[in-house]
Structures are given as C-alpha cells and as structure tokens.
Amino acid sequence: PDRRVEFIRACTTHMSGRWAHPQQVCGCLHDHAAAVVDDADLREALLRGIGETGVPTIENEWVPPSKQSQIPATFTRIAKPALQCMFDPLT
C-alpha cells in the first residue's frame with residue numbers, strides 16, 4: 001500500500017471537524033512539514049505522531065535514544081510549515 005495514502009487516511013480521522021479540508025491539511029503535513037525533517041527516524045516518528053493524534057508529536061520511545069535530544073529542534077524546524085499547512089494549506 002502507498003504509505004502517503006495510508007498516512008492521509010489515518011490523519012484525516014483526527015482532522016475531520018477541526019478543519020474544512022482535512023485531507024488537504026494531512027497531505028500538506030506529509031508533503032511539506034515532515035519533508036523538512038532530514039533524519040529518517042525522526043521523520044517516521046513525526047508522521048506516526050500526526051497520523052495517530054492529528055497533531056505534530058514525537059514520543060521518545062519512537063526514536064533511538066541517541067536521537068531523542070533532537071526532538072525539540074525537529075519541532076522548531078517543522079513549526080512554520082506545519083502552521084502553514086493547518087491555516088493556509090498548500091495545494
């Protein structure tokens with residue numbers, strides 16, 4: 001299965017009722033916010049968090065201990081594109 005489609009399906013259930021176009025918001029988060037995260041482990045954890053909760057989140061246990069200290073910097077890096085996706089989604 002296409003991982004992007006699966007992500008959007010999981011994400012949309014959390015975004016429905018919050019946003020007028022939940023699939024567009026979820027697609028944007030996948031394609032733009034998560035795309036700025038270079039590290040594969042952190043990106044996968046971020047996508048998992050968004051897909052499971054509908055908000056950008058990363059649990060420590062989702063990334064190797066050696067990368068847990070990078071979680072705050074990852075959120076700083078995705079802040080602008082994530083807000084862009086939520087309030088003015090790119091098409």
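Which residue just after α3 takes a positive phi? Glycine 54 does, at about 85 degrees. The model is predicted: local features need pLDDT of at least 70, side-chain atom pairs count only at pLDDT 80 or more, and totals for chains, interfaces and linings use all residues. Residues are numbered from 1 along each chain as its sequence is written, and side-chain values use heavy atoms, with hydrogens and water left out.

**Helix α3**
- Helix α3 covers residues 40–53; helices are DSSP runs of H or I with at least four residues, numbered from the N terminus.
- Aspartate 39 caps the N-terminal end of α3, a side-chain oxygen lying 3.0 Å from the backbone nitrogen of aspartate 41 (a polar contact is a pair of N or O atoms within 3.5 Å; within protein, one must be able to donate a hydrogen and the other to accept it, and residues adjacent in sequence count only if both atoms are side-chain atoms).
- Among the buried residues of α3 are Leu42, Leu46 and Ile50 (buried means under 20% relative accessible area, with a 1.4 Å probe and protein chains only).

**Disulfides**
- The whole structure holds two disulfides, each a pair of cysteine sulfur atoms within 2.5 Å.
- Cysteine 11 and cysteine 26 form one, with sulfur atoms 2.1 Å apart.
- Cysteine 11 lies in α1 and cysteine 26 in α2, so this pair ties together parts 15 residues apart in sequence.
- The other disulfide joins cysteine 28 to cysteine 85.
- This pair links α2 to α4 across 57 residues.
- Cysteine 28 is buried at 3% relative accessible area, and cysteine 85 is buried at 0%.

Conventions:
Helices (H or I, at least four residues) and strands (E, at least two) are DSSP runs, numbered from the N terminus. The expected span of a helix is 1.5 Å times one less than its number of residues. Buried means under 20% relative accessible area, exposed over 50%, partly exposed in between (1.4 Å probe, protein chains only).
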